[in-house]
Protein chains: 2
Amino acid sequence: MSAYEERRKKLYDWMTAEGIAMVMFEDFEGRRDSAIRWMTGQPSDALLFLCAGGKSLLVPWDANMAAIYAQADAIIPYGEFDRDAINALRGAASLFKIPPGSRVEISPVTSYTGFLKYIEEAGDYDILCRNRGAHGEVESLRAVKDEEEQGIYRKAAAITNELIDLLEDKVTAGRLPTEIDVAFFIETECRKRGCEGTGFETLAAGAARSFGIHTFPAYTAEPFAGPGLSILDFGLKYRGYTTDVTLTFTRGPLSAAQEKMLALTEKAYAKALSLIRDGVSAREVSMAVDTVFGKGRKAMPHALGHGIGLEAHESPALRSRQDNTWQLLPGMIFTLEPGLYDPIHGGCRLENDILLTESGPEVLTNARIIRF
Amino acid sequence: MSAYEERRKKLYDWMTAEGIAMVMFEDFEGRRDSAIRWMTGQPSDALLFLCAGGKSLLVPWDANMAAIYAQADAIIPYGEFDRDAINALRGAASLFKIPPGSRVEISPVTSYTGFLKYIEEAGDYDILCRNRGAHGEVESLRAVKDEEEQGIYRKAAAITNELIDLLEDKVTAGRLPTEIDVAFFIETECRKRGCEGTGFETLAAGAARSFGIHTFPAYTAEPFAGPGLSILDFGLKYRGYTTDVTLTFTRGPLSAAQEKMLALTEKAYAKALSLIRDGVSAREVSMAVDTVFGKGRKAMPHALGHGIGLEAHESPALRSRQDNTWQLLPGMIFTLEPGLYDPIHGGCRLENDILLTESGPEVLTNARIIRF
């Protein structure tokens with residue numbers, strides 16, 4: 001059984017237990033869902049229907065792409081359904097002989113107005129649109145990486161670490177003087193090593209721009225790693241899975257305020273890592289980090305971290321908001337990325353990718369604060 | 001009055017006429033909405049509240065970024081609302097003294113489950129979530145580019161055309177031999193000329209991969225513009241606005257099947273352009289193109305075109321689906337991009353950006369099929 005089939009099998013079992021006849025997934029512009037790649041290999045732009053009987057139908061926008069990458073029991077191009085999702089749902093229900101009245105689940109990100117349209121045009125089925133339904137189940141399944149995925153991540157992390165070392169050498173030697181030089185270096189070198197590209201637009205912010213959490217534009221022709229604090233946030237996409245690390249380059253002499261920001265960030269990172277263990281509440285880890293910053297009379301303007309995988313941001317969430325109920329479990333891969341940002345002194349962030357194993361956290365990447 | 005204020009003013013007038021007290025816009029990961037950049041200049045990650053009295057509140061994730069780029073009557077960081085959208089909505093309603101029971105409109109892409117949460121937590125207001133409400137109005141307003149935007153597009157198109165000429169020279173001379181060479185050339189040269197970057201990931205597909213509508217991965221270390229048909233689809237982002245063009249490079253000798261695909265694509269493009277005029281139905285133009293391909297016993301697996309602007313895909317839609325009710329109007333800027341794709345013979349697409357003026361279509365870009 002392929003990894004894709006094993007993943008689908010987990011959902012079929014869940015569907016049977018829950019009495020769901022069919023589930024629909026959507027991966028289109030404006031509502032991306034890597035669940036389809038996770039369960040079939042199709043990299044983008046498709047619908048996927050799973051039937052509790054254990055059959056799958058992929059409806060790709062680009063049938064040629066599906067012929068190369070996708071594995072499903074049936075593949076019918078989207079054009080056959082006039083590129084209309086509800087048409088496709090009706091077609092899938094007919095193919096799978098789903099009786100009227102059956103429970104058919106659609107994506108919880110379906111808009112309110114879109115949902116009304118399903119009720120109108122496919123109301124002979126019992127259409128479900130729920131946060132903690134089939135899509136939530138897949139989100140939870142995806143949060144814990146299986147063996148194949150952990151293997152991919154070890155490789156992706158090894159390439160990322162190789163690039164981190166090269167970046168340290170070249171940046172400190174002045175051989176990548178601008179933000180654009182740094183970003184292109186990563187883009188070229190990762191592809192040479194078999195990556196699909198970067199997992200998101202590289203953020204390279206020289207000292208004049210590092211105050212931005214996600215600097216805008218992502219990189220420019222301005223200097224990188226001049227005097228002060230520079231941030232480099234990047235991820236490599238390998239077989240669909242992205243790493244996500246942030247280096248801070250500091251070039252002295254630094255002000256007392258800058259030194260304090262760096263020290264607090266490293267302290268917060270160490271605190272977070274010390275708390276990572278099987279079963280810990282992600283929110284509690286985040287709140288402990290907030291406390292570290294709070295004691296230094298600072299506040300981090302973003303979350304502590306997030307799961308990574310086929311998407312740069314996925315479950316579990318590591319944030320201190322009250323609605324965060326994630327528990328960290330063995331097999332989860334996530335970032336820890338404390339940071340501070342100041343319009344005058346600039347910004348710093350330290351971000352690594354962590355695999356939680358039965359025996360504790362394994363830091364897959366070796367991003368660091370590089371002083372020179 | 002700044003262009004941002006003028007744009008907000010149009011919506012205030014509409015809100016007053018429609019009896020809407022407050023409108024909320026959201027631009028976050030998973031639900032991007034450039035309407036906020038259009039009305040304030042804030043490039044990303046924010047909420048925007050407009051009050052019928054003519055006041056605006058921006059709630060940016062990154063307050064430092066807002067201090068540089070954004071213009072609004074009030075700016076309060078998202079963190080002040082615990083980074084929770086409904087909290088922020090309640091805060092804005094309180095700031096603007098919106099009485100309970102007033103009509104408050106939220107984004108039509110709000111999920112069904114999300115909508116239920118608004119009803120629960122902000123049900124003292126009359127929460128509206130509609131396709132043809134305030135957000136639809138902004139979509140329609142944005143589809144017609146104002147003078148400032150047309151000026152930006154003339155400049156963006158000039159840079160795009162400069163690069164097209166350079167690409168023709170360098171590719172046919174063998175100086176950009178791989179897909180990655182072509183993609184990086186565009187990325188570097190556009191930034192040198194003042195662009196923010198590319199408007200979307202450049203799709204560079206050599207002859208072995210051009211059968212894909214949106215090739216995957218976007219570009220690789222494989223050869224570009226070897227014998228057969230190669231596709232290069234790219235856009236430059238200038239002051240937020242993206243162009244979107246596709247060149248096809250053909251290197252002979254070509255098969256009869258390839259020649260037929262090219263001839264049909266050029267015929268379809270000419271047909272489409274000949275029909276563009278003030279008031280024409282976008283769907284009728286698309287159906288005329290479908291007919292051209294149909295007569296050649298081919299079918300185009302995607303839409304004819306789409307509006308461009310702050311997003312690579314925006315209104316109007318140029319497609320033949322029955323639900324397409326867009327009329328083309330002066331000031332609209334959109335692509336025409338007929339194409340054909342074959343797993344054996346490869347693919348071809350010709351795509352240019354058109355500004356519809358009172359006197360007819362003006363082709364802003366000069367993408368073409370380049371035979372060598």
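Two residues are in contact if their C-beta atoms, placed from the backbone, lie within 7 Å. By that criterion, the contact between the chains takes 41 residues from chain A and 41 residues from chain B, in a model that is predicted, so that local features need pLDDT of at least 70, side-chain atom pairs count only at pLDDT 80 or more, and totals for chains, interfaces and linings use all residues. Residues are numbered from 1 along each chain as its sequence is written, and chains are lettered from A in the order in which they are written.

On the side of chain A that touches chain B, the elements giving two or more residues are α3 (63-69), α5 (112-121) and α8 (179-192) of chain A, where helices (H or I, at least four residues) and strands (E, at least two) are DSSP runs numbered from the N terminus. The largest share of this side, five residues, comes from α8(A). Because 100% of the interface residues of chain A are also interface residues in chain B, the copies meet through the same surface.

A rotation of 180° with 0.0 Å of shift along its axis superposes chain A on chain B, with an RMSD of 0.0 Å (by least squares on the C-alpha atoms of residues with pLDDT of at least 70 in both). The two copies are therefore related as by a two-fold rotation axis.

Two bridges join β10 (residues 236-238) of chain A to β11(A), and A:Lys237 has A:Thr242 as its bridge partner in β11(A).

How values were computed: Pairing = 2+ DSSP bridges.
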